[in-house]
Amino acid sequence: MRLALIAVGRLKDGPERELCERYRERAATLGRGLGLAGPEIVELPESRGRRPDERKRDEAAAITARLSPGLVIALDERGRSQASDAFAARIAEARDAGTASASFVIGGADGLADEIRDAAGLTLAFGALTIPHQLVRVLVLEQLYRTMTILTGHPYHRA
């Protein structure tokens with residue numbers, strides 16, 4: 001199963017990008033033995049629309065164009081929290097069911113359009129706090145790495 005992180009906006013060079021790459025590499029290394037490829041990181045340009053609804057609509061079209069058939073997981077403050085073990089089980093379940101891909105979607109500064117959240121098989125929040133999108137990327141990639149450690153029985157997942 002192919003994994004992709006689709007995010008609106010571009011991370012500049014710096015500590016967030018370095019941390020994202022570190023977790024992406026770790027997840028990719030462990031994932032190969034589990035039938036999981038990636039995660040690929042897809043950065044989409046922010047909309048230049050004048051109003052939030054216009055920007056969300058433009059960004060939703062760009063996100064939709066990059067989604068592959070499969071599981072869509074939206075990262076949104078209105079989502080629900082999930083334990084790492086349950087998250088790993090959801091990824092393994094999709095893989096075992098023959099799902100071709102899992103896409104993790106992070107919207108722009110205005111959030112995700114309703115149609116993206118509605119199309120998602122799962123909408124997750126990393127708590128009730130507002131978290132900058134750059135850090136949400138780090139959290140998603142860390143959780144993917146943690147998923148690989150859980151599925152392989154690697155001791156890191158308890159750290």
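Biologist: Which residues of H1 are buried?

Modeller: This is a predicted model. Helix H1 covers residues 15-32, and its 18 residues should span 26 Å at 1.5 Å a residue, which agrees with end C-alpha atoms 26 Å apart. The buried residues of H1 are Cys20, Tyr23, Ala27, Ala28 and Gly31.

Biologist: Within what arc do the buried residues of H1 fall, seen down the axis?

Modeller: The buried set is Cys20, Tyr23, Ala27, Ala28 and Gly31. Seen down the axis of H1, these buried residues line one face of the helix, because they fall within an arc of 140 degrees.

Biologist: What do the buried residues of H1 pack against?

Modeller: The other side of H1 carries the exposed residues Pro15, Glu18, Thr29 and Arg32. The buried residues of H1, in contrast, pack against strand S2 (37-44) and H5.

Biologist: How many of the residues of H5 are buried?

Modeller: H5 reaches 29 Å from its first C-alpha to its last, close to the 28 Å expected at 1.5 Å a residue. The helix is largely enclosed by the rest of the structure, because the buried residues number 14 of the 20.

Biologist: How far apart are the end C-alpha atoms of helix H3?

Modeller: Helix H3 runs over residues 84-96, which makes 13 residues. At 1.5 Å a residue they should span 18 Å, and the distance agrees: 18 Å.

Biologist: Why do the buried residues of H3 line one face of the helix?

Modeller: The buried residues are Phe87, Ala88, Ile91, Ala92 and Ala94. Seen down the axis of H3, they line one face because they fall within an arc of 160 degrees.

Biologist: Which exposed residues does the face of H3 turned away from its buried side carry?

Modeller: The buried residues of H3 pack against strand S3 (71-80), strand S4 (101-106), strand S5 (122-124) and helix H5 (133-152). The face turned away from that buried side carries the exposed residues Glu93 and Asp96.

Biologist: At what angle do H3 and H5 pack?

Modeller: The axes of H3 and H5 are 9 Å apart, and the angle between the helices is about 75 degrees. That makes H3 roughly perpendicular to H5, since 65 to 115 degrees counts as such. By class, the contact has 7 nonpolar, 3 polar and 3 charged residues. The angle asked for is about 75 degrees.

Biologist: Which residues does glutamine 143 touch?

Modeller: Glutamine 143 is in helix H5. With a relative accessible area of 15%, glutamine 143 is buried. Not counting residues up to four places away in sequence, glutamine 143 touches Ser84, Phe87 and Phe126.

Biologist: What distance separates the C-alpha atoms of alanine 92 and methionine 148?

Modeller: Alanine 92 lies in helix H3 and is buried, with a relative accessible area of 10%. Alanine 92 and methionine 148 are 56 residues apart along the chain, and their C-alpha atoms are separated by 9.5 Å.

Biologist: Which glycine follows H5?

Modeller: Most residues other than glycine have a negative phi. After H3 comes glycine 98, with a positive phi near 85 degrees. The residue following H5 also has a positive phi, near 80 degrees, and is glycine 153.

Definitions and conventions
Residues are numbered from 1 along each chain as its sequence is written. This is a predicted model: local features need pLDDT of at least 70, side-chain atom pairs count only at pLDDT 80 or more; totals for chains, interfaces and linings use all residues. Side-chain values use heavy atoms; hydrogens and water are left out. Helices (H or I, at least four residues) and strands (E, at least two) are DSSP runs, numbered from the N terminus. The expected span of a helix is 1.5 Å times one less than its number of residues. Buried means under 20% relative accessible area, exposed over 50%, partly exposed in between (1.4 Å probe, protein chains only). The arc is that of the directions from the helix axis to the C-beta atoms. Contact means heavy atoms within 4.5 Å. Axes are lines fitted to C-alpha atoms, for helices over the stretch in contact, and angles run from 0 to 180 degrees between N-to-C directions. Angles under 35 degrees count as roughly parallel, over 145 as roughly antiparallel, 65 to 115 as roughly perpendicular and the rest as oblique. Ala, Val, Leu, Ile, Met, Phe, Trp, Tyr, Cys and Pro count as nonpolar, Asp, Glu, Lys and Arg as charged, and the others, Gly among them, as polar.
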